[in-house]
Amino acid sequence: MASLIVRMLIELLAVIPYTKYYLNSISVRFRYLNGQKTDQVAGYVYTVTNTETFDQIHVLVEQDKPLITPEALTELQQAGGKVFVEFDNAVIKPYYSERTKSIEDSIKADAVRRVTDK
């Protein structure tokens with residue numbers, strides 16, 4: 001049964017029906033080739049908190065440049081600013097983790113965009 005679950009893609013909206021998230025941080029994700037990390041950027045992981053449910057999740061968006069640089073986000077946050085985002089076509093893909101020996105979630109979206117209010 002677990003193998004069937006691992007092959008499924010679930011829309012994020014089916015699990016968390018609220019679309020706006022507070023942007024906590026952004027980190028770069030590098031590509032791997034034959035198990036070795038390369039210098040090539042695969043995308044950016046957005047750590048966000050849902051403004052209604054307070055669920056914190058990590059969403060990978062495969063893109064060349066982040067919505068805002070991690071440094072600019074940190075500066076904005078230190079000055080008291082907040083950034084809210086929405087994701088386009090976000091899906092959850094369950095996978096089996098050898099490290100934790102359990103099924104975990106990987107969330108990926110086609111795009112991320114800034115929204116003006118929460």
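User: In what order do the elements of the protein run from the N terminus on?
Analyst: Keep in mind that this is a predicted model. The protein has three helices and eight strands. Reading from the N terminus, their order is α-β-α-β-β-β-α-β-β-β-β.

User: How many aromatic pairs turn up in a search of the whole structure, and which kind is the one between Tyr22 and Phe84?
Analyst: Searching the whole structure gives three aromatic pairs. For Tyr22 and Phe84, the ring centres are 5.9 Å apart and the planes sit at 65°. Planes over 60 degrees apart count as edge-to-face, so the Tyr22–Phe84 pair, with its 65°, is edge-to-face.

User: How many residues apart in sequence are the parts that the Tyr22 and Phe84 pair ties together?
Analyst: Tyr22 belongs to strand E2 (residues 21-33), while Phe84 belongs to strand E5 (residues 84-88). So the pair links parts whose separation in sequence is 62 residues.

User: Is Tyr22 buried or partly exposed?
Analyst: Buried means under 20% relative accessible area. Tyr22 has 22% relative accessibility, so Tyr22 counts as partly exposed.

User: Which strands does the pair of Tyr46 and Phe87 tie together?
Analyst: The Tyr46 and Phe87 rings are 6.3 Å apart at their centres with planes at 65°, so this pair is edge-to-face. Both residues are buried. Tyr46 lies in strand E3 (residues 36-50) and Phe87 in strand E5, so the strands tied together are E3 and E5.

User: Which residues do ring pairs link into a cluster?
Analyst: Tyr46 and Phe87 are both in it. Tyr21 joins them through ring pairs, giving a cluster of Tyr21, Tyr46 and Phe87.

Conventions: Residues numbered from 1 in each chain as written. Predicted model: local features only at pLDDT ≥ 70, side-chain atom pairs only at ≥ 80, totals over all residues. Heavy atoms only, no water. Helix = DSSP H or I, 4+ residues; strand = E, 2+ residues; numbered from the N terminus. Phe/Tyr/Trp six-rings, centres within 6.5 Å; stacked < 30°, edge-to-face > 60°. Buried < 20%, exposed > 50% of the residue type's maximum accessible area, 1.4 Å probe, protein only.
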